[in-house]
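Subject: Structure handover

Dear colleague,

Here is the structure we spoke about, with its sequence. My notes on it follow below.

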Amino acid sequence: MEPATGANNNKDQIVDVRSVVESVSADDSSDAPLYKVESLCMRCGENGTTSFLFTVIPNFRKILLSAFECPHCNERNNEVQFAGELQPKGCTYRLEVPSGDPKMLNRQVVKSEFATIKIPELEFEIPPESQRGTLSTVEGVLLRTADELQALQEERKRVDPQTAEAIDQFLLKLRACATGDSSFTFVLDDPSGNSFIENLFAPSPDPSLSIKSYERTPEQQSVLGYVVDSSQTGHAHDIAATNPIGPDQEQRIPHGSIGAAAGHRAIAQSNTEEISEALFRYSAPEEVMTFPSTCGTCTAKCETRMFVTNIPYFQQVIVMASTCDACGYRNSELKPGGRIPDKGKKITLCVKNVKDLSRDVIKSDTAGVKIPELELELGSGTLGGLVTTVEGLITKLCESLERVHGFSFGDSHDENKKSKWLNFTASLNKLLSLEEPFTLILDDALANSFIAPVTDDMKDDHQLLFEEYERSWEQNEELGLNDIDTSSADAAYITQEMEAAEKTQV
């Protein structure tokens, strides 16, 4: 690393650790200097120098790079630490690497200290504890692993020749993958959500790269440092059961229904019993339940509010919102109610005027978003579950892309990619100004998403199209539907129906 120059020369010196922490914790990191701290070399016992640099990884997020170098024994190492928070969900990146394509091996890879790397074809796995956070490429990860395995081969040959020979055979296969002579699958699984594989086609989908988000298990939450205590959870559940209307356990507060204003307008237009009955489905049940929970950011006690409602022309949904007074964290989430639909649903909206931007949108956490005019496609799980408007959804997309892409601000940015991102961001902002009409598509395999019509009858809204389709085997597998076995329950229902029919005949 080269020292910072110009205005930052006064900071490029040996400083204490406290000043480094204060610097990297600052909000303005666009011109972060290079810091150096004197530290002990664990190899020779002399003092070396650790350099810190706060930077942005292209198409990712902010990180803290640290590099140690000892001038006495030439010991060198580097580490990546994440300056931001843990992500709400874990992530799994799956990259299909064909043989003879060096560009695939040059993809940037960020591996956090919680991530696991797998190569299924070789039955090979790098557990989190074997390598700390690293910034490298696909080729670099494989070559580093091969070098570490090769380091103790001479000793293994003296102690266990058979194991050493097996490792030699494995190293041949691993190096063949690292040089592009063999095709393989590179899987990066990180429960913290802070690992990353570069998308060469961003912001468009990458045909060789798939990304999946998942909910963390209690064991993974514990590894990440979250407070997971099943006994306390059970105790709180018992208290809520014995005192459901206590001041600290649960309270019910009347609330207005979602879309009440639209309902009032419809009633004003026509007071027939049929329309009124349909609109009243919006407001049942009229209660909000509040119960204690734990903040996912600071683990302090907070409140979560939940209510169940029916959306006209849609289905029953559960809306949950959490706020933390300690750290200010806020989160809202939408959960589908009722059974799993037999088919998926694709919703297509042609946005032409300001009224279309004000349409209510329910996006579940299984829905993908597409805007064909921009060749933009977001996979299922992106942005999570949202209750918003068309304008709010586009704004969320802009904020999400600005937060993660980083090409315009990173120190390793490419001018062509920077220009591409700036043009794409400008095109995305044009959607909100309605300079040109555009098409918004929500594709939900569980049919739990919805865009509200602007007419009383959905058939009269010619800009909105709902299409149902049969889910593929891969979609059912991803949703866990292929493993569901309801044969015993079906047999029980049939038996009950037969017994009821016999009693009726008697």
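Predicted model: local features only at pLDDT ≥ 70, side-chain atom pairs only at ≥ 80, totals over all residues.

Strand S18, residues 344–351, is mostly covered, with six of its eight residues buried. For orientation in the viewer, Leu349 stands opposite Leu464 in S25, while Lys345 has Asp444 in S23 as its bridge partner.

These strands belong to an open, antiparallel sheet of five, ordered S21-S20-S23-S18-S25. Strand S21 (376–378) and S25 are at the edges; each has a single partner strand, so one side of each is left without a neighbour in the sheet. From one strand to the next the twist averages 15 degrees. Strand S20 (residues 367–371) is joined to S23 by four bridges and runs antiparallel to S23.

- Strand S5 (residues 90–97) and strand S10 (residues 184–190) are antiparallel and share seven bridges. Tyr93 stands opposite Leu188 in S10.
- S7 and S10 run antiparallel and are joined by three bridges. Thr116 has Asp189 in S10 as its bridge partner.
- S7 and S8 pair over three bridges, again in the antiparallel sense. Lys118 stands opposite Glu125 in S8.

S7 and S8 form a hairpin with four residues between the strands, and Glu123 there takes a positive phi near 55 degrees.

On the packing: the largest nonpolar core has 30 residues. Those with the most contacts inside this core are Leu95, Val138, Leu142, Phe184, Phe186 and Ile197. Helix H5 (residues 161–178) supplies the largest share of the core, six residues. A second, separate core has 28 residues, including Leu376, Leu378, Val390 and Phe424.

What does Ile197 touch, leaving aside its neighbours within four places in sequence? Its contacts are Tyr93, Leu95, Arg107, Gln108, Val109, Phe186, Leu188 and Leu209.

The C-alpha atoms of Glu215 and Cys91 are 8.9 Å apart, although the two residues are separated by 124 residues along the chain. Not counting residues up to four places away in sequence, Glu215 touches Lys89 and Gln220.

Some totals. The protein has 14 helices and 25 strands. Of its 506 residues, 38% are buried. Among contacts with a separation of 6 or more, 63% are between residues 24 or more positions apart. The accessible surface comes to about 29400 Å², and 51% of this belongs to carbon and sulfur atoms.

Lastly, confidence. The average pLDDT is 75, and 76% of the residues score at least 70. Two stretches should be noted. Over residues 24–30 the pLDDT stays under 50, and the model has five contacts beyond four places in sequence for them. Residues 269–285 also stay under 50, and for this stretch the model has 23 contacts beyond four places in sequence.

Regards

Key
Residues numbered from 1 in each chain as written. Heavy atoms only, no water. Pairing = 2+ DSSP bridges. Helix = DSSP H or I, 4+ residues; strand = E, 2+ residues; numbered from the N terminus. pLDDT = per-residue confidence, 0-100. Contact = heavy atoms within 4.5 Å. Core = buried A, V, L, I, M, F, W, Y, C linked by side-chain atoms within 4.5 Å. Buried < 20%, exposed > 50% of the residue type's maximum accessible area, 1.4 Å probe, protein only. Areas by Shrake-Rupley, 256 points an atom, 1.4 Å probe, with all protein chains shown as cover. Axes fitted to C-alpha atoms, helices over the stretch in contact; angles between N-to-C directions.
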